Amino acid sequence: MNLLKILDNLSNEELLNSKSSRRGSLDQFKNVGKNIALASIPFGLAATSSKAKAATSSMASAAFQASPTDVLNFALTLEYLERNFYRMGLDTTGLIPDADKDVFAQISKHEDAHVAFLVAALGDNAIAEPTFDFTGKGLMLDTFENYQTFLALSQGFEDTGVRAYKGQAGALANDNDLLTYALQIHSIEARHASQVRRMRGEKGWITRNNNTLPDAFSAIYGGEQNTVQGGVELAGLFGDFGGVDAVTEAFDEPLTMETVNAIATNFIVTE
Amino acid sequence: MKKPLIKVQTSENLHSNKSNSRRHFLKMGGLAVAGSSLLLVGCSNDDDDPMTNPPAGDVFDLGSGDVGILNYAYALEQLEAAFYTNVLNGSYWMGLSAGKEKTILEDLYNHEVIHREFFKTALGAATSADKVLPGLEFDFTGVDFTSRNSVLATAKVLEDTGVAAYNGAGKLISNTDYLLIAGKIVSVEARHASAIADLINPGSTDFAGDSVLVDLGGSGVAYDKATAPSDIITAVGATGFIKTKFTANNLPTS
């Protein structure tokens with residue numbers, strides 16, 4: 001794949017306009033109101049600004065941009081994963097200590113809502129609910145027998161969710177409504193992540209790529225040690241303000257769809 | 001000593017362990033500040049920094065397009081950084097034993113200073129100096145920095161507001177580089193908000209509580225707010241924390 005050619009294409013006015021065929025596939029969202037349960041999702045696509053967001057060099061990471069439908073299905077896969085994980089955890093007698101039940105009930109409630117929202121938004125284009133194996137298949141994790149394992153996976157899923165949504169902001173940039181909804185979910189995952197991390201004795205934010213998850217999940221934190229933001233190297237500038245640790249904590253990093261899918265695949269049973 | 005690439009206002013350095021600088025800050029504290037220039041007292045003489053204060057009588061406008069949004073974010077980060085500076089100079093925080101609560105607030109201070117300085121730098125690159133929001137002047141007399149309740153309650157409001165502000169600004173940003181930056185910051189603000197809420201009411205649902213969240217499409221109260229800049233600015237204005245007047249008459253609205 002010639003990255004430079006793709007970047008050239010992205011800045012080509014004609015090709016930007018031809019992406020409107022992708023927008024055409026969003027017409028289905030106009031009918032989402034017909035799903036009775038979620039009649040009020042205001043997908044006002046006709047009113048969405050047709051202003052195309054400026055292509056920039058950093059779209060290299062989004063050089064292959066998923067369609068909005070693909071993005072929503074990507075999100076739905078993760079939300080199904082989280083929804084099932086938390087429901088199973090809450091249903092497992094003796095797993096979650098009483099003192100922690102309110103927290104996980106709240107998180108679970110949110111994931112239920114996110115699934116419902118995305119399913120309604122996608123309508124006929126929604127993927128089928130995957131089958132999950134939270135032992136990590138070959139990893140044979142004792143997820144629902146060992147609360148510490150459950151907590152570790154919870155943290156992993158939430159931190160992954162944050163990075164996954166963040167990685168798709170560019171792909172949704174041309175749809176104000178979808179972008180906003182994604183942002184509104186993204187920050188909830190960050191609230192979840194912060195809480196679960198702190199319950200595990202970690203900070204609510206990610207320091208470099210440090211983590212105490214099993215090695216198999218190191219990809220969840222890969223890249224979090226980045227200190228260059230907006231082309232500016234911030235390392236060395238904030239010695240009196242927490243140094244490199246704080247610089248890495250102050251910004252969360254995106255993950256590509258590919259990396260996230262590879263993480264999720266550990267838990268998805270393919271027929 | 002090599003001059004740092006980013007010039008940080010000396011008032012922030014007063015947090016450092018140098019006890020003489022803390023005394024200097026306490027001397028400044030409580031003074032009615034007429035203009036933002038007082039914040040520069042004690043700063044190293046910075047010849048390359050042009051005076052960015054508008055002439056007396058002129059009110060700074062945040063501007064239009066992406067610069068307007070960057071200035072908007074910069075204003076909010078200035079507010080948060082200034083708040084946490086006060087926290088770390090207050091007897092509640094200073095009286096805390098070393099531990100998680102103390103570290104959380106210090107981390108928040110560090111992060112907001114970093115955010116603020118990042119936006120200042122980004123704006124300096126994005127536009128001319130006269131279009132970069134000047135250092136704002138703050139008035140935190142409404143906060144009791146000797147009181148845990150007052151500090152944490154205020155922090156919670158500021159962090160929750162920050163999340164809503166960034167979420168509401170996302171669609172208004174044109175350049176996807178800036179959108180990604182905003183995305184990288186908003187999740188950190190949400191982590192902050194979660195931690196503060198949990199400090200106030202540990203083990204409860206407040207880390208992502210119904211009272212601060214909204215429903216989307218009837219699916220459930222499971223989403224952070226996305227609030228328009230005008231509404232955020234009105235809400236922040238009502239706190240009285242920002243003394244320096246500025247306007248936001250030209251921000252993008254879609």
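Predicted model: local features only at pLDDT ≥ 70, side-chain atom pairs only at ≥ 80, totals over all residues.

Residues are numbered from 1 along each chain as its sequence is written, while chains are lettered from A and ligands numbered from 1 in the order in which they are written.

**Exercise 1. Describe the side of chain A that touches chain B.**

Step 1: Count the residues in contact (C-beta atoms, placed from the backbone, within 7 Å). There are 65 residues of chain A, and they meet 52 residues of chain B.

Step 2: Find the elements, where helices (H or I, at least four residues) and strands (E, at least two) are DSSP runs numbered from the N terminus. Those of chain A that give two or more residues are helix H5 (98–122), helix H6 (147–167), helix H7 (176–199) and helix H8 (243–249). H7(A) gives the most, with 17 residues.

Step 3: Sort by class: Ala, Val, Leu, Ile, Met, Phe, Trp, Tyr, Cys and Pro are nonpolar, Asp, Glu, Lys and Arg charged, and the others, Gly among them, polar. This side of chain A has 33 nonpolar, 20 polar and 12 charged residues.

**Exercise 2. Work out how H6(A) packs against H7(A).**

Step 1: Take the axes, which are lines fitted to C-alpha atoms over the stretch in contact, with angles from 0 to 180 degrees between N-to-C directions. The angle is about 150 degrees and the axes are 8 Å apart.

Step 2: Name the arrangement. Angles under 35 degrees count as roughly parallel, over 145 as roughly antiparallel, 65 to 115 as roughly perpendicular and the rest as oblique, so H6(A) and H7(A) are roughly antiparallel.

Step 3: Look at who meets whom. Residues of H6(A), including Leu151(A), Val162(A) and Tyr165(A), meet residues of H7(A), among them Ala182(A), Ile185(A) and Val196(A). By class, this contact has 9 nonpolar, 5 polar and 5 charged residues.

**Exercise 3. Which residues touch the most other members of the largest nonpolar core?**

Step 1: Such a core is a set of buried Ala, Val, Leu, Ile, Met, Phe, Trp, Tyr and Cys residues joined through C-beta atoms within 7 Å. Buried means 20 or more other C-beta atoms within 10 Å, exposed 12 or fewer, and partly exposed in between.

Step 2: The core has 130 residues, and the answer is Ala182(A), Leu70(B), Tyr72(B), Ala73(B), Ile114(B), Ala169(B) and Ala182(B). Helix H3 (residues 65–88) of chain B supplies the largest share, 15 residues.

**Exercise 4. Is Thr135(A) buried, partly exposed or exposed?**

Step 1: Locate Thr135(A) in the loop between strand E1 (131–132) and H6 of chain A.

Step 2: Thr135(A) has 17 C-beta neighbours inside 10 Å, so Thr135(A) counts as partly exposed.

Step 3: Leaving aside neighbours within four places in sequence, Thr135(A) is in contact with Met140(A), Leu141(A) and Thr143(A).

Key: Contact = placed C-beta atoms within 7 Å.
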